[in-house]
Amino acid sequence: MSRSKLAAEKTDKMRLYLDAHMTKSFTHIAERNQRRKELEEEMEKMKLDPAVRKQMIKNLEKEEKNFAKRRRQRLRVNDFEKIKVIGRGAFGEVRVCRKKDTNDIYAMKVMKKTEMVKKNQVAHIRAERDVLALADNPWVVKLDFSFQDEVNLYLVMEFLQGGDLMTVLMDKDILSEEATRFYVAEIALAIISVHKLNYVHRDLKPDNILLDKSGHIKLSDFGLCKAFEEPQTVPYLEQYKKVASDSKDSKEVKGGQEKDMKSQQKKWKERTRQLAYSTVGTPDYIAPEVFAQTGYGQECDWWSLGVIMYECLVGYPPFYAEDPMSTCRKIVNWKKTLIFPPEANLSEPAKDLINKLICDSSNRISFDQMRKHKFFEPIDWDNLPRSKPPIIPEVTGPTDTRHFDEFPDEEENQGEKEDPGELPQHHQPGQEALPFDGFTFRRPEDRPKVGLNLFQNQG
């Protein structure tokens, strides 16, 4: 690369950084002014005494000053005490940790910057951070903080102690239709909450569906999540696209399962955790249109829901095969390969719903249609978050990790203590790598609250 072109790239990156920095600064000023305006309007309606008004304005200014100070404080990995690793993969690990100043328990996702850049994952991790920050509902894992050092990126999220749906399936083999109905309904509500943010998840599978200590579900792992205005490539999907294209209408693909249901369940359980934390990725839950070059929309997540529903009732995904490439071939030829084992004894409403989810994207059932489907007749959609889950995880304390896989205890990667290795060309020691600028995040609950508490808490 020529010196002039490199200089131009650095200039562009610095301009983007400054634009983002100034935009954030002006946003904070606008929010601060809005809070002041709201307080003045509230005090005017209440016709408060001038002395009281003066005190409340003074207290708000004090809270704004403290908030600005907190916002400028940079979190470090040393602000958290590591308790246990509950996940590990090529890009880093997930650990349960305790925030030292508050003793609050979190799940911290640690990712190596060099691996993110090398594997072209910058856009994906940014999308994950963005959707977790945007989501403010009971169906998505809550992101409390994100920060970085010279080596790693950190996402600090709520710790859900119930494990994931895959752990439940591995323990139970199959679920009853009643239990499946509950989980599928809650997953559907989680999916639609993501779609309302104008995102598509693209990687829905039991491993990414977490259970809280009461047994309700939340979506996690938005590493492949995609905003519709942002085209992205997914490395492990790219390797399957040619296989899918070559397999379309192939006469070599066999219909149905080659072995009995129990044998398939056993093989699936043996293989599933091997891929859970790998970069290879499994195509078992991915809609056929995602493999194609013709584009796809949010309806691809409903296909994944149909596959998860099938697995809950049968014990393995409908297109399971000995290797991922064979699975890919089965998916694109789903009309030949989707069958319901007689020994599974699925009800007609269950099979009908699966058939309306695992089908051509143009015919796939919508969320509104799904709510009215006969399979969900017993479901009270409006009160589902307050209903009793079919399985309540056994949890003894805030740091109980029994529902997660065991990982060997390895030396912890403390970013500021280790050699950062080969960093991007624009990275200089003591600076944050520019591709990750704007990664810092704090929950808006830290912002000053407008109301009578400003007077009541003046002391």
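In the predicted model, helix α6 passes helix α10 in a right-handed crossing. The two helices, α6 and α10 (the latter spanning residues 300–314), pack at an angle of about 165°, and their axes lie 10 Å apart. Because angles over 145 degrees count as roughly antiparallel, α6 is assigned a roughly antiparallel orientation relative to α10. On the α6 side, the residues that meet α10 are Glu177, Thr180, Val184, Ile187, Ala188, Ile191, Ile192 and His195, and their counterparts in α10 are Asp301, Trp302, Leu305, Ile308, Met309, Cys312 and Leu313.

Leu305 is in contact, once neighbours within four places in sequence are set aside, with Val184, Ile187, Ala188 and Ile191, as well as with Leu357 and Met370. Leu305 and Met370, together with Leu165, Trp302 and Phe376, touch the most other members of the largest nonpolar core, which comprises 85 residues. Helix α6 (residues 177–195) supplies the largest share of this core, contributing 12 residues. Another core, of 11 residues, lies apart from it and includes Cys97, Val110, Phe145 and Tyr154.

At the level of the whole protein chain, 15 helices and 10 strands are present, and 48% of the 459 residues count as buried. Of the contacts between residues at least 6 apart in sequence, 74% join residues at least 24 apart. The accessible surface of the protein chain is computed as about 23200 Å², and carbon and sulfur atoms account for 50% of that area.

Methods: Residues numbered from 1 in each chain as written. Predicted model: local features only at pLDDT ≥ 70, side-chain atom pairs only at ≥ 80, totals over all residues. Heavy atoms only, no water. Core = buried A, V, L, I, M, F, W, Y, C linked by side-chain atoms within 4.5 Å. Buried < 20%, exposed > 50% of the residue type's maximum accessible area, 1.4 Å probe, protein only. Helix = DSSP H or I, 4+ residues; strand = E, 2+ residues; numbered from the N terminus. Contact = heavy atoms within 4.5 Å. Areas by Shrake-Rupley, 256 points an atom, 1.4 Å probe, with all protein chains shown as cover. Axes fitted to C-alpha atoms, helices over the stretch in contact; angles between N-to-C directions. Parallel < 35°, antiparallel > 145°, perpendicular 65-115°, else oblique. Left-handed = near helix turned anticlockwise from the far one by under 90°.
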